[in-house]
Amino acid sequence: MILSCSHINKSFGTDVVLKDAVFHINEHEKAAIVGINGAGKSTLLKIIIGEEPADSGEIVIAKGRTIGYLAQHQNFISDATIYDTLLQVRQDILELEQKIRSLELEMKHREGEELEALLDSYAKATHAFEQADGYAYKSEVTGVLKGLGFSEEDFSRKVNTLSGGQKTRVSLGRLLLTKPDIIMLDEPTNHLDVNSISWLETFLLNYPGSVIIVSHDRYFLNRIVSKVIEIESGQVTMFSGNYSDYSVKKAQMREIQLKAYMNQQQEIRHQEEVITKLKSFNREKSIKRAESREKMLNKIERLEKPMVLNDSMNIEFHPAVTSGNDVLTIKGLSKSFGSMKLFENADIEIKRGERVAIIGDNGTGKTTLLKILNKMLPADSGEFLTGSRVHIGYYDQEQQLLNEDKTLFDELGDEFPAMTNTEIRNLLAAFLFTGDDVFKQVRDLSGGERGRLSLAKLMLSDANFLILDEPTNHLDIVSKEILENALTHYTGTVLFVSHDRYFINQTATRILSLYHGQFINFLGNYDYYQEKAAEQFALADQTAAGSPGSRNSAAASSVSAKESDTRAEWLAAKEAQARERKRRNDLRKTEEQIQKLEERDNEINDLLTREEVYTNTSRLIELNKEQKDISEQLELLYEQWENLAE
C-alpha cells in the first residue's frame with residue numbers, strides 16, 4: 001500500500017462533501033475518482049496533496065515516496081520557452097552534464113595525480129549521468145512535448161504567451177517528467193486532442209508508479225484504471241475493475257438498495273395503517289398495542305432512498321417534421337485562414353437518421369465546418385445544400401447564441417412566447433434549474449450551466465437535423481449518459497464534433513476523420529474507426545504522395561478504393577435501421593391494440609355486475625362471447641408483443 005486515507009471528513013458550512021471516507025491505493029495501481037459535478041473529487045485530491053485541510057481523518061503516504069499533482073487549471077508565469085520549462089525539471093541532469101563538460105576541459109591541462117583525481121571524478125559523474133538516463137533526457141523531453149500536441153515550432157514559444165489550456169499541457173509535461181511515485185491528475189484530458197489522449201493513455205499504462213485520475217472521459221478511464229473510487233452524497237465506495245465494470249456493479253447495487261428501500265417503505269406504511277386502525281377502535285388494549293407498534297417503528301433504522309441514475313435530468317428530442325432522405329450535401333468545400341489550409345474540395349453526404357461524428361486534431365477545422373454550415377463563416381469555395389424539410393438546430397460549444405443580459409427564464413420565454421410560465425419552469429427544472437436559479441442572468445452561469453441551457457433551447461426548437469459542437473463539454477458523467485440516451489433514440493439526423501471517445505462510441509453510426517485537410521469516411525462507431533484508421537490513413541498518405549498538392553484528392557481516392565464495400569455496408573446499415581423503425585412502429589401499434597382490448601374487457605366486467613345485464617340472457621350471452629373473443633385476441637397480441645420486444 002502506497003497511500004491510505006482513513007475516516008476523512010470535510011464540510012463547507014452546512015454542505016457535507018466527505019463523510020468518513022476510507023480507501024487506499026496500492027503500489028503500481030491505477031485508480032479513478034468519479035462522481036457528479038460538485039461531489040468533492042477535486043477537494044479530495046487537494047486534501048491528499050495537503051492544499052486543503054480535512055476536518056478530521058488521516059492521510060498516510062508510504063515513507064520516502066513522492067507525489068505529483070496536476071490541478072484542472074494552470075496559470076503559472078514564466079519568461080522561459082516551453083522547451084526550457086520542461087528541461088528545468090531535469091535540473092540534476094543539466095548540472096551533471098555541465099560538471100562533465102567542465103571536467104573534460106580541466107583534464108586537458110592536468111597530469112599526474114591531479115589528472116588521476118579528475119579522471120576518478122569524471123568516471124563517477126558519467127556513471128551518475130548514465131544512471132539518471134542522461135543521454136536520453138533531451139529526446140524524452142521532445143517525446144513528451146510532441147505527445148502532448150506541441151510541434152517543434154512551438155518549443156521556442158514563451159510560456160507567458162500561451163493560453164490556459166496550453167499552460168495546462170506544459171504543466172502536465174513537467175509533472176510526467178518528474179516521475180513521482182504517485183501521479184494525481186484532475187481532468188487531464190480537458191485540453192488534449194484525441195491523439196494526445198491516446199499518447200497519454202499509453203504513457204500512464206506503462207508508468208511504473210501509481211496513478212489517481214479524476215476524469216469524465218470514460219473511454220480514457222476504461223483503458224487505464226483497475227479501481228474506481230466513487231463519491232456519492234459524501235459517501236466513498238471502492239470498486240475493482242475499470243469504468244464499465246464499475247457501471248455494471250453500481251447498477252446492480254443501486255437495484256438492490258432500491259428494492260430494500262421500497263420493501264422497508266411498504267412495511268412502514270403497513271405498520272402505520274395497522275396503528276391507525278388499532279387507535280380507531282378506541283379500546284385500552286388496542287391503544288396499548290398501537291403504542292407498542294409505534295415504539296418498534298421508531299426504532300427502525302430508516303434506509304435512505306438511493307439516487308436513481310438518470311432521473312434528475314431527462315432530455316427528449318422530437319422532430320416536428322420528418323426531413324427528406326437527403327439531409328446534407330457538401331460539394332467541393334474549401335476553407336483556409338491565410339496560408340493555413342484547413343480543408344479543400346470536401347465532398348460529404350449525410351442521409352436521414354444518420355448520427356455522424358467529426359473527429360480530428362485540435363485546430364484542423366472541425367468547428368469551422370460547423371460554423372460554415374450554420375452560415376456563421378463563409379467558405380472559400382464550394383457549396384452545401386440542405387434537403388427537403390430540413391430544419392437545423394445548432395449547439396455552439398462557446399454558447400455564443402445565448403444573450404448575456406437575459407435571465408434563464410427570459411432566454412426561453414422570449415424565444416418561445418407560446419410557452420406558459422409553468423411550462424418554462426418545468427422545462428428548466430428538467431435541466432436542473434430550480435427555484436430562484438431560473439432568474440439568474442446568463443452571464444453569471446458556469447460553463448456546465450450554459451451547456452444545459454443551450455441544450456434546453458435546442459430541445460424546444462423541434463429541429464430534425466442537430467449540429468452539435470462538443471456537446472459533452474462541462475457535463476458530468478450522469479448528464480453525458482442522459483444525452484447519449486436521448487441522441488440514440490432521436491429519430492432525426494445528427495452531425496457532431498466531439499473529443500469524447502466513449503460518447504462517440506455510444507452515439508455515432510458513422511465517423512468523418514479530418515486528416516491532413518481530407519475527410520476520411522468510417523462507417524461505424526469509434527471502435528470500428530480505431531480498427532481501420534491506420535490502414536485508411538496509410539492509403540491516404542500513399543495517394544497524396546503520388547499526387548503532390550492534392551491531399552483532398554487522396555481522401556477521395558482512398559474512399560473510392562473501397563467505395564463498393566462502403567456502399568454495401570451503408571445500404572446494409574440503412575436496411576437494419578429501417579427494420580428497427582418498423583419493429584418499433586409495430587410494437588407501438590400492438591401496445592395500443594392491447595390497451596383498447598383491455599379497456600373493453602374491463603367495461604364488460606363492469607356491465608356484467610349490473611342487474612339489467614345479468615338478468616337479460618341474450619345480452620349476457622353476447623357479452624360473454626365478446627369477452628371470450630377479446631381473451632383470444634389478447635393472447636395472440638401478448639405473444640406478438642413478446643416477439644417484437646425481443
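Which residues are buried in helix H1 (residues 41–49)? In this predicted model, the buried positions of H1 are Lys41, Thr43, Leu44, Leu45, Ile47 and Ile48. An α-helix has 3.6 residues a turn, so residues three or four places apart point the same way. After H1 comes Gly50, which has a positive phi near 95°.

Two of the buried residues of H1, Thr43 and Ile47, are also among the residues touched by Lys10. Lys10 belongs to strand S1, which spans residues 3–12. The relative accessible area of Lys10 is 6%, under the 20% cut-off, and Lys10 therefore counts as buried. Its side chain forms a polar contact with the side chain of Glu52 at 3.4 Å. Beyond four places in sequence, the residues touching Lys10 include Asp15, Val16, Val17 and Leu18, as well as Pro53, Ala54 and Asp55.

A separate set of elements concerns an open sheet. Three strands make up this sheet in the order S11-S10-S13, with antiparallel pairing. Strand S11 (340–351) and strand S13 (381–386) are the edge strands, each pairing on one side only. On average, neighbouring strands of the sheet are turned by 15° against each other, direction ignored. Strands of a sheet pair through backbone hydrogen bonds, either parallel or antiparallel. Between strand S10 (residues 326–337) and S13, the antiparallel pairing extends over 5 bridges; Thr329 has Leu385 in S13 as its bridge partner. Helix H11 (residues 366–373) lies across S10, S11 and S13, and runs at about 120° to S10.

Definitions and conventions:
Residues are numbered from 1 along each chain as its sequence is written. This is a predicted model: local features need pLDDT of at least 70, side-chain atom pairs count only at pLDDT 80 or more; totals for chains, interfaces and linings use all residues. Side-chain values use heavy atoms; hydrogens and water are left out. Helices (H or I, at least four residues) and strands (E, at least two) are DSSP runs, numbered from the N terminus. Buried means under 20% relative accessible area, exposed over 50%, partly exposed in between (1.4 Å probe, protein chains only). A polar contact is a pair of N or O atoms within 3.5 Å; within protein, one must be able to donate a hydrogen and the other to accept it, and residues adjacent in sequence count only if both atoms are side-chain atoms. Contact means heavy atoms within 4.5 Å. Two strands pair if DSSP finds at least two bridges between them. Axes are lines fitted to C-alpha atoms, for helices over the stretch in contact, and angles run from 0 to 180 degrees between N-to-C directions.
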